[in-house]
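I set out to keep a record of what I looked up in this structure. The entries follow the order in which I consulted the model.

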Amino acid sequence: MSLPSDLPPSAQMLNLLWGKLISTSISGIAKLGVADHMTEREPASAEALAAATGAHASSLYRAMRMLASVGVFVELPGQRFTLTAVGRCLRSDVPDSMRGVAMFLTDTWHMRGYEKITHTLRTGQNGVETAFGKNPFEVMAENPAELENFQVGMSNYSAMEGPLLDPLLDFSGFRKIADVGGGHGSLLARILHRNPHLHGVLFDLPEVLTHAPSAASLDCQGRLTFESGNMFDRVPQGCDAYIMKHILHDWSDAHCHTILRLICDQLARHAPETGRVFVAEMIVPHGPDPHPAKFLDIEMLTMTAGGCERTQAEFAVMFESAGLELVRARPTAGPICLIEGRVAN
């Protein structure tokens, strides 16, 4: 993030502090579904948008006016607005939607986690467990609406990162792949579409798979099965490839060791020479420059039990501890990388 260098330091700091006003207002507008009633061409009045979404017209106008000043909307005379290209991402029906991500940012589990940031910085204990006495996945399991917001948000990430990963998704040398912690299956469906010979297993907790689309709706009928379970107890059997996207960063090294060891055992049994595990994550770069991984790392610090973004060297050590060897880490055109491991000799 860069700030205008001609501003006094105090004004630059204030701009940083006001980030909360921007993100929470975006989240509230996303939950109301305001953008679904807007386009980039036809202006809509704040009053009409409030009537369509059950909002308070004056309050909605004030939030939209502020967001127009940072490029989410275009404000026109008469308290009317259109979407910008950025604001269009708050629609629920566009390929690059970020509405789900925006929605879960103000869900109770998330907000209360950040309330405890000072405690986290003092003790290293994450905010969610401090607030609730449970990890975020246990908290969300008790609130289906918030769990659904989170899963839609993860699908938003998959839709954004899928095109970045596409050039790396050649799985022609495998016969069966399991997506461990695969959520609603958007990444696995993408892989199966690009590899028509391949069979896939979508593996996640039962409360997650309850809301997953069917194999037919994912256009994978006959090649996609659903399997519920806990990845700390077991992973699907009989696969020669496993993939996880933004899973390991949620967990401590000890937790990751458990997951990777289970995968290693399955690969050693069914495909010791040719089997692979693929991990789609950001890799923290060396140097002081801004990078999305450094921001996402604070989310992991605040929300998870020991989760973090890792360097390539840290991934290599973690793989080795589980009996795996890091083969390579392939970059994409964005911040996400595809890390490949195999059973160590």
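**Entry 1: a pair of helices**

I began with helix H2 (residues 19–32) and helix H4 (residues 57–68), which pack at an angle of about 125° with their axes 10 Å apart. That makes H2 oblique to H4, since angles under 35 degrees count as roughly parallel, over 145 as roughly antiparallel, 65 to 115 as roughly perpendicular and the rest as oblique. I noted that axes are lines fitted to C-alpha atoms, for helices over the stretch in contact, and that angles run from 0 to 180 degrees between N-to-C directions.

H2 contributes Leu21, Ile22, Ser25, Ile26, Ile29 and Leu32, and H4 contributes Leu60, Ala63, Met64, Met66 and Leu67. The contact of H2 with H4 comprises 10 nonpolar residues, one polar and no charged. Here Ala, Val, Leu, Ile, Met, Phe, Trp, Tyr, Cys and Pro count as nonpolar, Asp, Glu, Lys and Arg as charged, and the others, Gly among them, as polar.

**Entry 2: conventions**

I recorded that this is a predicted model, in which local features need pLDDT of at least 70 and side-chain atom pairs count only at pLDDT 80 or more, while totals for chains, interfaces and linings use all residues. Residues are numbered from 1 along each chain as its sequence is written, and side-chain values use heavy atoms, with hydrogens and water left out. Helices (H or I, at least four residues) and strands (E, at least two) are DSSP runs, numbered from the N terminus.

**Entry 3: the sheet of three strands**

I found an open sheet of three strands in the order E1-E3-E2, with antiparallel pairing. Its edge strands are E1 (44–45) and E2 (73–76), each of which pairs on one side only. Two strands pair if DSSP finds at least two bridges between them. E2 and strand E3 (residues 80–83) run antiparallel and are joined by four bridges; Leu76 has Arg80 in E3 as its bridge partner.

Most residues other than glycine have a negative phi. I therefore marked Gln79, whose phi is near 55° and which is partly exposed at a relative accessible area of 41%. Gln79 lies in the loop between E2 and E3. Asp219 also has a positive phi, of about 60°, and is found in the loop between helix H12 (206–209) and strand E6 (224–228). Is Asp219 buried or exposed? Asp219 is exposed, with a relative accessible area of 59%. Buried means under 20% relative accessible area, exposed over 50%, and partly exposed in between (1.4 Å probe, protein chains only).

**Entry 4: the sheet of seven strands**

I traced an open sheet of seven strands with mixed pairing, in the order E6-E5-E4-E7-E8-E10-E9. E6 and strand E9 (324–331) stand at the edges with a single partner strand each, so one side of each has no neighbour in the sheet. Neighbouring strands of this sheet are turned by 20° against each other on average, direction ignored.

I next examined individual pairs. E4 and E5 are parallel over five bridges, and Ala178 has Val201 in E5 as its bridge partner. Five of the six residues of E5 are buried. Strand E7 (residues 241–245) and strand E8 (residues 276–282) run parallel and are joined by five bridges. E9 and E10 pair in the antiparallel sense over seven bridges, and a hairpin joins them through four residues.

Two helices lie across these strands. Helix H11 (residues 186–194) lies across strand E4 (176–180), strand E5 (199–204), E6 and E7, at about 175° to E5. Helix H15 (residues 312–321) lies across E8, E9 and strand E10 (336–343), at about 150° to E9.

**Entry 5: a buried glycine**

Which residues does Gly100 touch, not counting those up to four places away in sequence? Gly100 touches Asn149, Val152, Gly153 and Asn156. Gly100 lies in helix H5 (residues 99–104) and counts as buried at 2% relative accessibility. The C-alpha atoms of Gly100 and Gly153 are separated by 3.9 Å, although the two are 53 residues apart along the chain.

Technical notes: Contact = heavy atoms within 4.5 Å.
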